[in-house]
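Hello,

Here is the structure I promised to hand over. My notes follow below it.

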Amino acid sequence: MADCMDEEMPEEALPLRQDLTCPVCQSVFQDPVLLPCTHSFCRECLQKSLQVNKKCPVCREVCEEGRAIANRALSSACESFLQSNWRPNRMPLSEDTCNLHLKRLELYCEKDEEPVCVDCVTLHNTHTLWSLREGAPMCKKELGFKVQIFEKKVESYKKITHKLSNTMEYIKYQAGLAETQIKVEFERLRMMLVTEEALRLKALAAEEEQKIASIQELIDNTNKDIAAMNKLSDTLQKEMGNEDLTFLRNFQKLKREAQWTRAEPRIPDDCLLNMGKHVGALSFNIWKNMQAHVKYNPVVLDPNTASPWLSLNADLSSVKESSERLTAPDNPERFDPCVFVMGAEGYYSGKHRWDVIVGDNPRWIVGVCKESVPRKKKFTVSTTRGVWSIGLSKGVYTVSTPERTELQVQQRPEKIRIKLNLDKGEVSFWDAGTLKHLVSLTHKFDEKMYPIFGPGLHTTPTTLAPGKIAVHTS
């Protein structure tokens, strides 16, 4: 090949020409640089080589980027050689030829993941070498696993898309419930509240649009991911059907492209409508002009946290067992399988008080809990689990200490008063009917605290008693 390449060059110039030839491009050096291992290359050839493998193309010694220095002596020699009217004809290399040794690529290096020629064996003496026929199936098998992973991810993404679609429909259902309740309240107070009604419906519609737009964006992005993975999977399978050498030359590029780093879609936090904002304590928010016609609840329930086995009334002030499991999204805030519901508002500081009418219910739990209380698994109610409460079960009153302390009561309370003093670090429970203190629990509350209710599975509702309204003007 060298004879063919230099057939127009005088015989005495051939040795010099070989000394001035870049091992990579097989042409006279252009802007030569010298590596610490003493091998020289064209600057552009070295840069391209180091982008693929951080090693010297000749001796395979590790080469850190930036260590090459300009070889001025070699550069001057090349200029003198070219100015002597010896113009070698550059012979293009075929794709199946080694750039370094100009021999046919017949082997595959498992470690470097590239085809090599027989003369490259000494540079890969510690590596495992295979024939092209043996190497191609190995690489196809590896990419085949990638295809399987993408196929599984596509199925997973489709399931998430279905869940997101259901969530979007549930948001519309929630919006319908909220709209109905809002209209009922405003009909009762319509003569004085037409303007307020329009504003609240606008706020509801805006949040509905924003929440649905957010879910729709997730669906669109997920569908795009599905299309991208299908396209990538098809590309990989198409490339795997190419000739072995063509496939192996592209293997590193295909392997780099066969990475999927995007996070898996999921139903996001706070994706449902803020029902407490729209219909919770709605009448209280307009009490200045209509206090004689409104009811104020210091705590309203959050339906987005309610177990599917619980049914809430329209204004979110009472809860009872549902005769059948309700259809609701498995959003992160919802309790399931535990049968609880939380208040719509949490507290970081201050004093708070609310009454819960438990009546003659045979089983209930009331108290406060941390925002981080477990939602998706069963747990024993105790302070170690982030719940400070009292409850009734099988005729026994208990306090949610780690040892489940029994609480002695002289008279069965029908209304429980909970007082939460976050500044003092105390929650206390009272018989609201007799104003008798039952028990107090202390703790340094270090996160947002929420009212929590476990009404038990029976048809008698647990109700939040309305608070007193006082008007102060100045």
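Cys 109 is buried, with a relative accessible area of 0%. Buried here means under 20% relative accessible area, exposed means over 50%, and partly exposed lies in between (1.4 Å probe, protein chains only).

Before the rest, the ground rules. This is a predicted model, so to speak with its own thresholds: local features need pLDDT of at least 70, side-chain atom pairs count only at pLDDT 80 or more, and totals for chains, interfaces and linings use all residues. Residues are numbered from 1 along each chain as its sequence is written, and side-chain values use heavy atoms, with hydrogens and water left out.

**Cysteines**

The structure holds 0 disulfides, a disulfide being a pair of cysteine sulfur atoms within 2.5 Å. Cys 37 is in no disulfide; its nearest cysteine sulfur belongs to Cys 56, 3.6 Å away. Cys 37 is buried, at 14% relative accessible area.

**Cores**

A nonpolar core is a set of buried Ala, Val, Leu, Ile, Met, Phe, Trp, Tyr and Cys residues joined through side-chain atoms within 4.5 Å. The largest one has 60 residues, and Trp 354 and Ile 390 have the most contacts inside it. Helix α5 (residues 132–188) gives the most to this core, 9 residues. Helices (H or I, at least four residues) and strands (E, at least two) are DSSP runs, numbered from the N terminus.

Ile 390 touches, among others, Trp 364, Val 366, Leu 407, Ile 416 and Phe 429, leaving out residues up to four places away in sequence. Contact means heavy atoms within 4.5 Å. A second, separate core has 28 residues, including Leu 143, Tyr 157, Leu 232 and Leu 236.

**Strands**

Two strands pair if DSSP finds at least two bridges between them. An open sheet of 6 strands has the order β9-β18-β11-β12-β13-β14, with antiparallel pairing. β9 (341–342) and β14 (405–406) are at the edges; each has a single partner strand, so one side of each has no neighbour in the sheet. Within it, β11 (residues 364–370) and β18 (residues 449–454) are joined by 6 bridges. Val 368 stands opposite Pro 451 in β18.

Strand β10 (residues 351–357) runs antiparallel to β15 (residues 415–421), with 7 bridges. Trp 354, from the largest core, stands opposite Ile 418 in β15. β10 also has 2 bridges to β19 (residues 462–464), again antiparallel. There, Val 356 stands opposite Leu 464.

Best regards
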